[in-house]
Amino acid sequence: MTQTAIVDELRNQFGSGTFGRQETGDGIPTVWTTKERAREVLGYLKTEAQRPYKMLYDLTAIDERVRRVRQDQSPSDFTVVYHLLSFERNEDVRLKIPLTERAAALPTITDLWPAANWYEREVWDLFGITFVGHPHLRRILMPPTWQGHPLRKDHPARATEIGRFYLPEDKQEAEEAALKFRPEEWGMKRSRETSDFMFLNMGPAHTGTHGILRLVLQLDEERIVDVVPDIGYHHRGAEKMSERQTWHTFIPYTDRIDYLGGVMNELPYVLAVEKLAGIDVPDRAKVIRVMMAEFFRLASHLVWYGTFAQDVGQLSPVFYMFTDRERIFHIVEAIEGGMIKVNVGELQPRFIPTKGVMEKGEWSLKKGDRIELAVSAENLVVDYHPVNAPGWHRIIKGQLAQPLIVGYEWAVIRTDDGKEEAFAVRPLARLKVAALPIGVPALFLIGEAGKILDATFVNEELAPPASPGMEAIGSQSF
């Protein structure tokens with residue numbers, strides 16, 4: 001069954017004049033219909049369509065009043081968007097409803113999808129679109145006393161646009177009174193035949209999520225009968241901030257959604273932008289960013305595991321977890337930190353972290369300078385030096401005299417003449433050094449700062465002799 005099959009099915013059921021089709025960048029079948037037919041069409045898609053769309057994946061709205069280009073779109077002041085998912089078809093469908101500002105209202109679908117309860121409250125809260133018949137249509141993200149609907153284009157985007165904030169005593173009292181929980185507003189009873197219910201305000205409190213949460217508990221003695229969550233404290237207004245950004249300047253804002261997730265939140269955002277803009281990303285970039293997302297996933301889980309173990313009384317795990325987390329950050333820093341591009345006459349340029357440049361005191365390097373590179377067996381730049389400059393790195397042939405200890409970044413090398421010397425290990429080289437068996441001959445690349453930059457097993461046929469100098473891959477333009 002093709003992606004357009006559901007569009008043909010809808011037109012056969014309701015008539016071809018009921019729907020207008022819109023071509024979209026993501027390829028999801030998208031149709032427009034009137035507000036009068038919206039609920040009927042949604043009901044058909046959930047219960048009567050062949051292999052129905054049983055999941056309400058999303059419900060949102062768009063303020064269209066300042067849109068300039070409306071290709072394949074119905075004229076409207078606001079658009080409500082229903083995104084449905086069919087598990088049997090393994091496909092999505094998107095239904096758009098045009099609304100005018102004077103009649104910005106639709107019938108509720110909470111009886112079809114109970115999950116629509118919060119979605120409809122959010123759309124009313126942020127756009128001012130009413131859902132007739134909703135059981136409890138009130139603000140969900142903004143305070144109950146908030147004036148206006150923030151995601152309307154005419155709502156101020158910055159505090160400097162609405163004047164100085166004041167909180168006099170009478171306003172503070174009104175704000176506090178608005179936060180008072182009234183069970184009747186939520187359809188909850190205060191008592192039953194034998195006893196009264198107790199309502200306990202739990203929070204707002206930091207819950208380990210990236211924000212705070214308030215829970216109002218309905219208690220029957222020590223038993224929780226019901227709970228009402230107040231999630232507005234968690235809202236940061238990222239959507240409103242994005243209105244003031246271009247598509248690429250908004251990328252750093254996605255990191256703030258989960259400050260432990262790093263690039264993980266950048267990835268889905270840029271994937272959406274690339275799909276909409278028709279940007280073709282090289283396979284190499286795809287692999288790199290998936291690897292980066294995995295690094296941040298591991299780093300985030302290490303924080304969780306270490307702090308969770310500490311919460312239940314174990315102190316050591318947090319130190320082990322954060323030690324490994326620092327190793328991940330060293331890798332991340334080398335990959336996405338400030339970089340110098342080096343032209344080596346190949347299809348792909350090499351990149352050197354600027355942190356290494358500063359440590360080596362070569363911050364005066366400029367475009368066109370010639371440098372020598374040392375490349376590892378993995379074809380990665382492990383060291384560099386300006387051509388003919390003193391203090392070049394050296395290679396030592398020897399063996400590990402003792403294993404590397406976790407958290408101790410020094411290695412003891414025993415050379416062929418029996419002498420032992422301790423060297424600091426660069427974080428990126430630690431795993432390679434730690435993988436060397438004790439007593440097995442190896443080559444160690446030592447930088448001018450006295451750190452082990454790279455290590456590998458001795459290959460009698462390919463290994464260069466141990467000497468104060470090392471042949472680089474050649475002079476290259478910087």
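Let me begin with what I mean by a nonpolar surface patch: the residues in it have over 30% relative accessible area and no salt bridge, and their nonpolar side chains are joined within 5 Å. Please keep in mind throughout that this is a predicted model. One such nonpolar patch, of about 450 Å², is made by Trp304, Tyr305, Phe308 and Val312. Of these residues, let me pick out Phe308, which lies in helix α8, covering residues 283–311. Its relative accessible area is 44%, and Phe308 is therefore classed as partly exposed.

With strand β4, residues 78–86, β5 pairs in the antiparallel sense over 9 bridges, and Ser86 has Glu91 of β5 as its bridge partner. With strand β2, residues 30–32, β5 runs parallel, and here 3 bridges join the two strands; Thr30, for instance, has its bridge partner in Arg94 of β5.

That brings me to backbone geometry. Most residues other than glycine have a negative phi. Asn90, however, has a positive phi near 60°, and this residue sits in the hairpin of β4 and β5, where 4 residues lie between the strands. Is Asn90 buried or exposed? At 65% relative accessibility, Asn90 counts as exposed, because the cut-off for that class is over 50%.

Arg51 also takes a positive phi, in this case near 50°, and Arg51 is found in the loop between α2 and β3. With a relative accessibility of 34%, Arg51 counts as partly exposed.

Asp454 is buried, because its relative accessible area of 11% falls under the 20% cut-off. What joins the side chains of Asp454 and Lys432? The answer is a polar contact of 3.0 Å, so that for Asp454 we have a buried residue whose side chain is in polar contact with that of Lys432.

Notes. Residues are numbered from 1 along each chain as its sequence is written. This is a predicted model: local features need pLDDT of at least 70, side-chain atom pairs count only at pLDDT 80 or more; totals for chains, interfaces and linings use all residues. Side-chain values use heavy atoms; hydrogens and water are left out. Patches are made of residues with over 30% relative accessible area and no salt bridge: like charges are joined within 9 Å, nonpolar side chains (Val, Leu, Ile, Met, Phe, Trp, Tyr) within 5 Å. Accessible areas come from the Shrake-Rupley method with a 1.4 Å probe; for residues, only the protein chains shown count as cover. A salt bridge is a side-chain nitrogen of Lys or Arg within 4 Å of a carboxyl oxygen of Asp or Glu. Buried means under 20% relative accessible area, exposed over 50%, partly exposed in between (1.4 Å probe, protein chains only). A polar contact is a pair of N or O atoms within 3.5 Å; within protein, one must be able to donate a hydrogen and the other to accept it, and residues adjacent in sequence count only if both atoms are side-chain atoms. Two strands pair if DSSP finds at least two bridges between them.
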